[in-house]
Structures are given as C-alpha cells and as structure tokens.
Amino acid sequence: MQRTVLITGATSGIGKSTAILFASNGFQLILTGRRSERLAELKTELEKTYQSIVQTLCFDITDLSAVQKAFASIDTKKFTTIDILVNNAGLAAGFGSIDNGNYDDWNVMIDTNVKGLLHASREIIPFMKTQGFGHIVNISSTAGKDVYVNGNVYCATKHAVDALTKSMRIDLLPYGIKVTSVNPGACETEFSLVRFKGDEQKAKAVYDGFTPLTPEDVAASIYYVCTLPKHVCINDLTITCLTQANAHYNIKKTV
Ligand code: NDP
Ligand code: 8X3
C-alpha cells in the first residue's frame, strides 16, 4: 500500500520541493496552499511525471473553519492512512526593530506559523491516533533556536514551533506518533520576497555573498527523517549552508 504525506504550503519553496521528492519516491500526496492555480499545476505535474495520486486542498491555514472543511473533504477511500504531516506553511512579514513593529505583520506571523500549525495538527492527529501510527514534521528554523537583529516576532513564532514540537512529542508518544522538528537556516525560496512584500532587490540581497540552502536541500532532510526504520525518531534536525553557523552568524563568503 502506498504511504500518504500531507504537506501544508506546497505551492512554493520547501513545501513544493518536498512534494516533488516524496512523489518521485512513490508516495501519495495531499497538498495545501492558498494559490489554487499553483496547486492545480503541481498536481498535474506530479500525476504526469510520477503517476502520483494527489488531492489538493485550497485554504487559508489561519482560518480554522476553512481548515476543518478542507480536511473533512479528504478522500478517505483513496487516502486510507495519513502517514506523514509536514507542517510547512509559514512566513515572515517585515523586518525591523520591535518598537516599530507592525501589528498586522505580527498577527499574520502568529496566526500562520503558530495557530496554523496547531490547526492542521489538531485536525490530523485524531486520524493518526486511530490508525496507531504517524509522523509529524514541523518546519521550524534556526530562528527557532536563537534570535537575530530585527527578527523578533518571526523568531518568537519559530521558538513557539520548537516548544510545540517538544510538547507534541511527549503527548503523542503513547500513540506511536513520531514528532520531528526540521530547522533550516537561510534557504532561497519566495520567503524573502514575502518578508519584504514583493521588493525583489531587498529579497535578493538577503542571499548576496554566500550560497544559501536550496529548497531541494531541505526537502532531502525532511525525506530522510521520514524514511528511517519504524523504531527510530529524529527529534531535531538543524540544517544550514556552509557559511552559516546559527541564526545570527553567517560569514557571507561565497562558496
Ligand atoms: P515560501 O514563501 O516559498 O513558501 C511558503 C508556503 O507557505 C507557500 O506554499 C504558501 O502558500 C504557504 N502559506 C503561507 N501562508 C499561508 C496561509 N495563510 N495559508 C496557507 N498556506 C500558507 O517559503 P519557504 O518555502 O521558505 O517556507 C516554508 C517554511 O519554511 C515556512 O514555515 C518558513 O518559515 C520555513 N523556513 C524557511 C526558511 C528560508 O530561509 N526560506 C528557513 C527556515 C524555515 P500560499 O501562498 O499558496 O498560501
Ligand atoms: C528563515 C531563516 O534566517 O531568514 O527561517 O530567519 S531566517
């Protein structure tokens, strides 16, 4: 029987690369995001290239009733188990000192990175408990381990993901559900474009002078933690590019 992976935020970056990698390895996929055309394109690509079985769910993860409605529509005849949930949907909005913080940016980060992750987890965990197994992979960040200048609320949301990952692992241990945190450092995706609200120059400048991770690099680490023997759980995996030591130290030397 084919295993199923549910990936939130699969319309770009790390989520999309993860979807492609799992599809190429024979997994069935449930893929979510807000951009319906991107979801449709990815579904067509995966069906054509890998003959994958794919269901797409288009919703805003900050909206609990939309999450519940979307997950209730999962075709349980096709997807008889949900083996892996990758809580990937997330973003940074803005970059600046706390005293100039923008309330809308703060709300969108807290609502997406923390509450969105809770919404998806709360809805999927009961399936996993019933089936008696499962694996939740939370995409945190080096910003969930340490803080950096002007990163305040984004770092706080990823620290929350770190705390939730540890708590979830304890709570779900009796049900045979693994919980892993994957913590990437700088990875070139649409992340910085979103953070700087479409300013391409500012977004590009983030990666000047060094070779950042690619979304494929991060996808490979997600795939790795998900394909270990049943009795093995990687609790925490931090991945950075060669020039980055942690959230606030990058020697920015091109390699
Ligand atoms: P992208 O911007 O490329 O992808 C973000 C994904 O999240 C998109 O698919 C987007 O889909 C989805 N998303 C955002 N907001 C919502 C929402 N309200 N409802 C549903 N889906 C949403 O960025 P990355 O791939 O880089 O980011 C993926 C994760 O990795 C995030 O959690 C990020 O914090 C984390 N991360 C990123 C790093 C980096 O340097 N890039 C490093 C460390 C962690 P759509 O817009 O279609 O809704
Ligand atoms: C994303 C990586 O360094 O931009 O979590 O915060 S960073």
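A residue counts as near a molecule when one of its heavy atoms lies within 4 Å of it. By that rule, 29 residues surround ligand 1, and the closest are Thr11, Ser12, Arg34, Tyr154 and Thr189. Keep in mind that this is a predicted model, where local features need pLDDT of at least 70 and side-chain atom pairs count only at pLDDT 80 or more, while totals for chains, interfaces and linings use all residues. Residues are numbered from 1 along each chain as its sequence is written, chains are lettered from A and ligands numbered from 1 in the order in which they are written, and side-chain values use heavy atoms, with hydrogens and water left out.

**Ligand 1**

- Let's start with polar contacts, which here are pairs of N or O atoms within 3.5 Å.
- Gly9 makes one through its backbone, with a polar atom 3.0 Å from an oxygen atom of ligand 1.
- Thr11 uses an N or O atom of its side chain, 2.7 Å from an oxygen atom of ligand 1, and Thr189 has a polar side-chain atom 2.6 Å from an oxygen atom of ligand 1.
- On its own, ligand 1 has 870 Å² of accessible area (Shrake-Rupley method, 1.4 Å probe), and the protein covers 95% of that.
- Two helices, α1 (13-24) and α5 (152-172), each give the shell at least two residues; helices here are DSSP runs of H or I with at least four residues, numbered from the N terminus.
- Sorted by class, the shell has 11 nonpolar, 13 polar and 5 charged residues. Ala, Val, Leu, Ile, Met, Phe, Trp, Tyr, Cys and Pro count as nonpolar, Asp, Glu, Lys and Arg as charged, and the others, Gly among them, as polar.

**Ligand 2**

- Around ligand 2 you'll find Ser141, Ala143, Tyr148, Tyr154, Phe191 and Arg195.
- That shell splits into 4 nonpolar, 1 polar and 1 charged residues.
- Ser141 puts a polar side-chain atom 2.6 Å from an oxygen atom of ligand 2.
- For Tyr148, a side-chain N or O atom sits 2.6 Å from an oxygen atom of ligand 2, and Tyr154 has a polar side-chain atom 2.6 Å from an oxygen atom of ligand 2.
- The protein covers 82% of the 240 Å² of accessible area that ligand 2 has on its own.

**Cysteines**

- A disulfide is a pair of cysteine sulfur atoms within 2.5 Å, and the count comes to 0.
- Cys241 is buried, at 7% relative accessible area, whereas Cys58 is partly exposed at 45% (buried means under 20%, exposed over 50%, partly exposed in between, with a 1.4 Å probe and protein chains only).

Definitions and conventions
Polar contact = N/O pair within 3.5 Å; in protein donor to acceptor, adjacent residues only side chain to side chain.
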